[in-house]
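The sequence and the model are shown first, and the description follows.

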Amino acid sequence: MCGIVGYVGYRKAVPVLLHGLQRLEYRGYDSAGLAVLDEKSKKIIVEKQVGKIKDLQEYIWGKEINGNIGIAHTRWATHGPPSIENAHPHTSKSEAFAVVHNGIIENYAKLKDELIKKGYQFKSQTDTEVIAHLLEEYYEKDLLTTVLKVAKMIEGAYAIGVISTVEPDKIVALRKGSPLVVGIGEGENFIASDIPAILEYTKTFIALDDEEIAVITKDKVEVYDINGNKVEKKPFTVKWDLVAAEKGGFKHFMLKEIYEQPKTITDTISGFFSDLNNPVYNEIKNIQNIVIIACGTSYHAGLVGKFWIEKFVKIPTIVDYASEFRYRDFPVNEKTLIIAISQSGETADTRFSAIDARKKSAKVLSIVNVVGSSLSRESDFVIYTYCGPEIGVAATKTFTAQLITLLLFSLKAGLERGNLTQEEFEKYYNDIIHLPHLVNEVLKQDKAIEEISYKYHNVKDFLFLGRGLNYPIAFEGALKLKEISYIHAEGYPAGEMKHGPIALIDENLPVVCIVPKDSLYEKMISNIQEVKARKGIVISVSDSQDSHLLSLSDNIIKIPSVENENLYPIVSVIPLQLLAYHIATILGKDVDQPRNLAKTVTVE
Ligand code: F6R
């Protein structure tokens, strides 16, 4: 949701903050602002703009703001619409304290009433402004003690950064529920909502845990728990490089990330094999049921994963939206394995579902991309996907990496439970290592997919159909298209079409049919015939040369044939990512930062 960055050191703070905000813009982009302690006037200077980071940059351009300490924020509105008043940072009455905040203060209305009675006036409609005023009201000669006191008054999930004129050498940062890392430099230190924001300056980080507070000066970082006791934190280093967080000649991050998939699949396969001693493979022998929880695209990966787990691990598996699982009484026990899938490892519903299930003695395995993220630290076992930072809001490379991880996990767990022989395991492995090459082959269809996109970019609706392992890919194709082009799209298991959605089909409706030459091919052909009989426009994604399919299809997107049909979902999703990308760019939409969306959903 919102993004926070903070700097204290020897450089001018403004460029560091603006670079950080640019890299965090995917987290929210309706308004932005920064606060810097001016070295001459010793006052806090606050600059804000509605719109994107570039609007803030243009607004600040040429202004003399000289200071080496500051905090900044890019906003995704929760309380109050996007406006200069509601943009962060927020300052206290005397402007001695400035605050940036990601998350929600649930009891802000009550606190606001109390502050108003004490004579405070509010300039914004945000929940954040209460924090600035509370800091002023309760300040007692020490910023750390004051933040600790205020932390006990505010309820909700949040990450906060504070600077103040009364203790001008430090940033105090507090985390409860929303992500926050501290970047460690030499003679300079940083805070940020996530790693790419400050990767330009450091590769060494401390991940704050919930209810931890960091006091950061240019030479020192000290971490305390909510009761003020000092906590020793072990810094970690990341291998990601800055190039991974830049567009590298591509027009958009999304396109770059689609094209990175041969590499990210290779890296994820290698990463998986370097972790074969993961204790989860011992635990799997005790497990009787599996629940996969996730949101959005990660949920779709889970739907495919269920097929592989049931086939190879032979344990009954259900897949649920984390936002639903969390609020129902699903019986779990110590023989339940929860598989929580999340690119960011910060999605609130996924995290809190996993935490609740662990409290009820279930074991949690997380499949996560961001190293050191909350979910990875809150799980019994972690398997990482190796994609580097994913900046485009629409998940692409992390989806295929989640799929490959789920497939490899299922095979290895199946081996451990005696359902597969070593020989069978190796046979699958030999098929899997061809995937990067197969994905490269699909990418060669890019031009053809762009041409199809030109033909249909003006329609109002799209339908996506698939069967078996590929029905979740139909869901994913529809999600990609709707979230970045704003064209209404629905994904359906093809066999379900005749139970309702068939009523939508007419000569104006493009129906994307995922029809690989697998064991359900003939069934899929029957469904396509049903579409054609109602004059629907058929766009087939297939490796089949069969003249019957060709005669039924208005357009064909070719995918390579695979030895093993379990690999089809990973191959067939790539054209759908490209289709969504091209349609959205033809329509002139902002594919990397679609309206109303944020990359990391840390609110419930
Ligand atoms: C869609 C998309 C979202 C995320 C969802 C979960 O392209 O990116 O639907 O998949 O918000 O996010 P993570 O995987 O970070 O938990």
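## Terms and basis

A polar contact is a pair of N or O atoms within 3.5 Å; within protein, one atom must be able to donate a hydrogen and the other to accept it, and residues adjacent in sequence count only if both atoms are side-chain atoms. The model is predicted: local features need pLDDT of at least 70, side-chain atom pairs count only at pLDDT 80 or more, and totals for chains, interfaces and linings use all residues. Residues are numbered from 1 along each chain as its sequence is written, and side-chain values use heavy atoms, with hydrogens and water left out.

## Contacts of the ligand

In Glu483, a side-chain N or O atom is 2.5 Å from a ligand oxygen. On its own the ligand has 410 Å² of accessible area, of which the protein covers 90% (Shrake-Rupley method, 1.4 Å probe).

## The shell around the ligand

Around the ligand there are 14 residues, and those that come nearest are Ser298, Ser342, Ser344, Thr347 and Glu483; a residue is near if one of its heavy atoms lies within 4 Å. The shell consists of five nonpolar, seven polar and two charged residues. Here Ala, Val, Leu, Ile, Met, Phe, Trp, Tyr, Cys and Pro count as nonpolar, Asp, Glu, Lys and Arg as charged, and the others, Gly among them, as polar. Helix 9 (296-313) and helix 17 (471-485) each supply at least two residues of this shell.

## Fold and local backbone

The protein chain has 20 helices and 25 strands, which are DSSP runs numbered from the N terminus (helices: H or I, at least four residues; strands: E, at least two). Its C-alpha trace spans about 80 × 55 × 40 Å along the principal axes.

Most residues other than glycine have a negative phi, and most peptide bonds are trans. Lys42, in the loop between strand 2 (31-37) and strand 3 (44-50), has a positive phi near 60°. His88 and Pro89 are joined by a cis peptide bond, with omega about 0°.
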